[in-house]
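User: I would like to go through the aromatic contacts of a protein model and hear the reasoning behind each label.

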Amino acid sequence: MKFSNEDLTYIKRCFELADKGRGFVSPNPLVGSVIVKDGKVIGEGWHKKFGGAHAEVNAFASSNEETKGATLYCNLEPCCHTNKQTPPCVPVIISREISRVVISNLDPNPSVNGSGVKQLREAGIRVDTGILGDEGKEVNKFYFKYVIKKIPYITIKIAQSIDGKISTNRDIQTWLTGKDSVKYVHELREKYDAVLVGANTIKVDDPQLTVREVKGQDPIRIIIDGDLSISPHSKIIKMPGNEKTWIFTAENSNQEKIEQLEKLGIKIFQLPADKKKVDLGDMLKELGKENITSLLVEGGQQIFSQFISHGLFDEIIILQSPKILGQGISAFETNVLKKLKIEETERLGEDLKVVLIENQ
Ligand code: AOF
Ligand code: ZN
């Protein structure tokens, strides 16, 4: 179906509204809604926080005007299922006598997935789907992956030198990128439910994995540490907010160390491991159960190569620094890149950001 310019304008407004919920609604989707009558916007709303009212309900609540005969725009199919935090939106839309509903994407949640549209049509409402569908999927890329696969959307972020090295040596911290990239990484962390590093990165870089350069919420900090080698003096353990630090370790790890870390408020997950290497598939399933919809993998080399060699990623972001290391370790085998295509490039001060996704 061909949509009018008016339709395109209002659905884009839905995306803008939806984005206001970022950081507050996970594991729910980002949803915005606009109600239009006689060419005039009479209501707007978005899903503001997990467990709270849905976008459509907030759009109705935002106005006192008569909604009979109006068009409701929403980037996601209205929900129709029960046994959840809030009542379903479809009956509200029907009772408010909306005559047309325009949506970008069906809700991939198996409890909805087309049933919302079906119920609206059965009530005599015209429903037009698929408007800016690709943009809608991009807005909710975390939610789509998580609802369908039950594991988080995975982005691997790698800073590397001109000669493709991430550090000179496994045991030495090598700083490659400039201040614009640091700010960008903090912005990126803020968008994800969780960030992940391996124990060696904690030892060598001693990172905090917070969003100190920008305003916003810190993500959950995940450390993969097969034999619990993490030092109790690491910044990540000594800083406040240990309830946001989760360590994944082998199932036969030292019980005493586990208890000490748990006493500090850190959450420990014990998983099957081969030679102290935690199974990443099991870890991702566990994260799915914990409602982690998005994961930013920040290093180091062993972690990168494990994720990449198992195809466990949706996106790779390379922060290309103009520095030359001359020697050192590479993030991954370059032949992996052959299977990927460039989605986006952007200058970040002296560095270049390159976003790679699978070439389908
Ligand atoms: C909508 N509009 O704004 C959102 C929807 O537990 P609840 O009641 O918040 O329901 C969560 C489910 O509702 C979620 O898994 C997804 O299927 C849908 N989200 N639907 O019509 C919204 N956030
Ligand atoms: Zn709803």
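Analyst: What follows concerns aromatic rings and their neighbours in this predicted model.

User: How many aromatic pairs does a search of the whole structure find?

Analyst: The search finds 6 aromatic pairs. One of them joins Tyr10 and Tyr73, with 5.2 Å centre to centre.

User: What makes Tyr10 and Tyr73 a pair, and why is the pair called tilted?

Analyst: The centres are 5.2 Å apart, and rings pair if their centres lie within 6.5 Å. Tyr10 belongs to helix α1 and Tyr73 to strand β3, 63 residues apart.

User: Are these two residues buried or exposed?

Analyst: Buried means under 20% relative accessible area; Tyr10 has 12% and therefore counts as buried, and Tyr73, with 2%, is buried as well.

User: Why is the pair of Phe142 and Tyr192 called tilted?

Analyst: The ring centres are 4.8 Å apart and the planes stand at 50 degrees, so the pair is tilted. Phe142 lies in helix α6, whereas Tyr192 is in the loop between α7 and β8, so the pair ties together parts 50 residues apart in sequence. Together with Tyr153, Phe142 and Tyr192 form one aromatic cluster.

User: How do you know that the charged end of Lys267 sits over the ring of Trp246?

Analyst: The charged end of Lys267 is 4.9 Å from the ring centre of Trp246, and the distance limit is 6 Å, with a further condition of 35 degrees from the ring normal. Lys20 likewise lies over the face of Trp46, at 5.1 Å from the ring centre.

Methods
Residues are numbered from 1 along each chain as its sequence is written. Chains are lettered from A and ligands numbered from 1 in the order in which they are written. This is a predicted model: local features need pLDDT of at least 70, side-chain atom pairs count only at pLDDT 80 or more; totals for chains, interfaces and linings use all residues. Side-chain values use heavy atoms; hydrogens and water are left out. Rings of Phe, Tyr and Trp (its six-membered ring) pair if their centres lie within 6.5 Å; planes under 30 degrees apart count as stacked, over 60 as edge-to-face and the rest as tilted. Helices (H or I, at least four residues) and strands (E, at least two) are DSSP runs, numbered from the N terminus. Buried means under 20% relative accessible area, exposed over 50%, partly exposed in between (1.4 Å probe, protein chains only).
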